[in-house]
Amino acid sequence: MLAACGHLATGRPDERPDGARHHPIAPAALRVNALSLRALTRRYGERTALADVTLELAEGLTLAVLGPNGAGKSTLLRVLATLLRPHGGEVEVFGNRLPAGGAEVRGRLGLLAHEPMLYRELSARENLRLQAALHGIGAERIEALLASVSLERRGDEPLRTLSRGLIQRAAVCRVLLHDPDLLLLDEPYANLDPAARRVLEPLIGRESGKTRVVVSHDPASAKEDSDLVLGLARGRPAFLIAAGELDDTALSQLYG
Amino acid sequence: MYGKGLRPLSLLTAASVALTLAAVFFWAPNDAYLGFLQKIFYLHVPLAIVTLCGFVAAGLMAVAHLRTRDPRWDVRSYVAIHISLIFGVVVLISGSIWARGAWGHWWVWNEPTLVSFLLVMLLYATYQPLRFAIEDPERQSRYASVFAITAGAFVPINFAIVRLSPAFVHPRTLSNISGNLPGRMQAVFYLALATAALLWVTLWRFEMTAKHVAAQLRRLRKLLGEETDDAPVRRSAAPSLTGVGSIS
Amino acid sequence: MNPPHSTEVVRALVVAQLRLELRTFESLPAMCLFAVTTFVLFHFGLNVDRVSSDLASGVLWVTLLLAALLGINRIYVADAEQGGFDAFLLSPAQRPTLFVAKTMVLLAYMAVVEVVALPAFAILLLEPSLWNALPGLLGALALGNLGVAIIGALVGALAVRTQARDLLGPLVSLPLLVPVLIGVAGWTAPLLHYPQALAVAGRWPLVLALYDGIFGLIAFALFDFLLED
């Protein structure tokens, strides 16, 4: 697995490892790239928020994004989520070039950000029903999702009466409602107790089997939870390595 | 590079202004009713026409900006509105002076073009505050373009509707005058109109050139290391060209 | 995956917004109260007990316009502050559906305010009978409300993501709404003539319909540029 990622980690798709090191489950050539970024640039006025980000991520794999505050991690997620348009370079999500192909791709991705993107005065069920309508799907999955995060009993109370942990669970339901293939997670477990984390992990963690991009401040969990790690410093990639190779020398490039 | 043709244009405009002033004061006949004061008409109406065309042009430039995403169109639109606003103030002041001389009040409500003009100015006066209230430069440009297009569409529609308003069933002076001008007055009027248009274009090009030069200067400074990307950027309502173009 | 049906999306958005309003009562009571208070202000300011014709239609429509301004800012606040824009932008729903939904919400708000304001106006200030004038008034109300709703939905989206949102909303809306005011006031004035209603000039309905149509199209086309980043 890591060997296959090795070729991905260098970001040079024409480099193939020798046959003996190919992943036993699927030959690299058949892997579809969930994400393909080439020299992605995003500016904020005269400042650069992201510059020259290049990577490829195959389906089913997890990319961790590390970096100090203001490095551009959230910006990267928002570009991938089609909320921000790239100012330079190329971005392809599931083979769709952004921003033109954004409409095709939106139904296949889910963004879990710092804010839950739910109306506080509405209940979890009402919020999810609105989401279902926006995505053009039926309300069938709502109950099952609420049950999987143990929110079904409090599903009719306005969100403002729920604790932060419960609101995060409702947000996860929102993200998973349309069964996306790509999960974009911005510090998903921040400020959550271990119990909450245990509830959410099977849904948005590695076991979910979905392609994931996870922004994190915790190098240790990044190492064990992901396949590929991108380090960003002031918008520029500092390193792009397999998770197993993440060590202090790499981290020092980020955090000094 | 940016100031190409600016000098001949300025000279032409200066000559045109001089010629127009001479024509207005020495060649055009005095109006039978208003006498000398009527000559303010040669300032007021041409400037008004040019101002409104400027606003509509800014709207078209904004359409180009939204379609091409080229920030230069936004700068052009911004400068166009800027120049037109300045002209517009002169229009309102000259209109007020004329109203005072003709009807005894500093403002009259029964002159449809004047009233429509006031509305348009009130709308465009919000352009700068709107821009200033948005920090993200790219969003600022985009929102400004949406505004410029909406406002640009508003200009002709507003004029039509105000004209229809019952108070203007018997419109006075302005429309009558520009319609039934005797020969010499008409000639001077068209000369004044051409001059106003030249003046607008010259000032527009001047400001565009100034902006290009300032941006080039900043780029050079950055190259020399005197300024870095991290320098705190002052909040501004004006679009910048620094991100566009290159050192050449 | 099928793209969502636009009417379904609009319906869901409108329901969500109205539900929010019913839970919080952030806007409607204030708008209604504001209208009634403004009538009182006009009484003292103009020093009149009863109004008819031009004065009546002017007082009524300026009051409704000012009350509408309160609503225009409010309809986007929840979206801006609670990430509603993002949630909408992340979905495959067509962008203009949000504009249509907000326009319908504003129409609903205006209707509610008018249910309160018209009787109040009749009681406090109006000279001729409101009841007799009502059929004609309804037409003016419909087209006038539509104009306010369209301009409001566009300008509200413009203003809400700026620093000075409470000021810019009214400031930018008002000049754009003056033609609507001219239209409805011109339409309503003969209806409120005392003692007898006069015939309505035929051009006002047409003028208003054209204004609503043109700006409706412009707003519909430009709305997308306000949402994206």
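These legends accompany close-up views of a predicted model.

**View 1. Chain C against chain A.**
In this view, 27 residues of chain C make contact with 22 residues of chain A. On the chain C side, the elements that supply two or more residues are α1 (6–24), α3 (53–82) and α4 (84–90). The biggest contribution to that side is made by α1(C), which gives eight residues. Sorted by class, the side of chain C that touches chain A has 14 nonpolar, seven polar and six charged residues.

**View 2. The helix α1 of chain C.**
How far apart are the end C-alpha atoms of α1(C)? They are 27 Å apart, and this agrees with the 27 Å that its 19 residues should span at 1.5 Å a residue. Directly after α1(C) comes Phe25(C), which has a positive phi, near 50°.

The buried residues in α1(C) are Val9(C), Val10(C), Ala12(C), Leu13(C), Ala16(C), Gln17(C), Leu20(C) and Glu21(C). Why are these residues said to line one face of the helix? Seen down the axis of α1(C), the buried residues fall within an arc of 165°, so they line one face. As background, an α-helix has 3.6 residues a turn, so residues three or four places apart point the same way. Thr7(C) and Leu22(C) are exposed, and they sit on the face of α1(C) turned away from its buried side. The cover over the buried residues of α1(C) includes parts of two chains: α4 (124–135) of chain A, together with α2 (28–46), α3 and α5 (96–124) of chain C.

**View 3. The open sheet of chain A.**
Four strands of chain A form an open sheet, in the order β2-β1-β4-β5, with antiparallel pairing. Which strands stand at the edges? They are β2 and β5 (96–97) of chain A; each has a single partner strand, so one side of each is left without a neighbour in the sheet. Within the sheet, β1(A) is joined to strand β4 (residues 88–93) of chain A by five bridges, and the two run antiparallel. At one of the positions where these strands meet, Thr41(A) has Gly88(A) in β4(A) as its bridge partner.

**View 4. The hairpin of β1 and β2 in chain A.**
Strand β1 (residues 33–44) and strand β2 (residues 47–58) of chain A pair in the antiparallel sense over eight bridges. Two residues lie between β1(A) and β2(A), which form a hairpin. In the turn, Gly45(A) has a positive phi of about 65°. Opposite Arg42(A) stands Leu50(A) in β2(A), and the bridge partner of Asn33(A) in β2(A) is Ala58(A).

**View 5. Arg206 of chain A.**
Arg206(A) lies in the loop between α7 (194–204) and β8 (211–215) of chain A. Is this residue buried, exposed or partly exposed? A residue counts as buried with 20 or more other C-beta atoms within 10 Å and as exposed with 12 or fewer. Arg206(A) has 17 C-beta neighbours inside 10 Å, so it counts as partly exposed. Leaving aside residues up to four places away in sequence, Arg206(A) touches Thr62(A) and Asp225(A). From Leu80(A), Arg206(A) is 126 residues away in sequence and 19 Å away in space, C-alpha to C-alpha.

**View 6. Confidence along chain A.**
The average pLDDT of chain A is 84, and 87% of the residues score at least 70. Over residues 1–27 of chain A, the pLDDT is below 50. Beyond near neighbours in sequence, this stretch has 40 contacts in the model.

**View 7. The helices of chain B.**
How many helices and strands does chain B have? Its secondary structure comes to eight helices and zero strands. Chain B has 248 residues, of which 38% count as buried. Among the contacts in chain B with a separation of 6 or more, 81% come from residues 24 or more positions apart.

Conventions: Residues numbered from 1 in each chain as written. Chains lettered and ligands numbered in written order. Predicted model: local features only at pLDDT ≥ 70, side-chain atom pairs only at ≥ 80, totals over all residues. Contact = placed C-beta atoms within 7 Å. Nonpolar A, V, L, I, M, F, W, Y, C, P; charged D, E, K, R; others polar. Expected span 1.5 Å × (residues − 1). Arc of directions from axis to C-beta. pLDDT = per-residue confidence, 0-100. Pairing = 2+ DSSP bridges.
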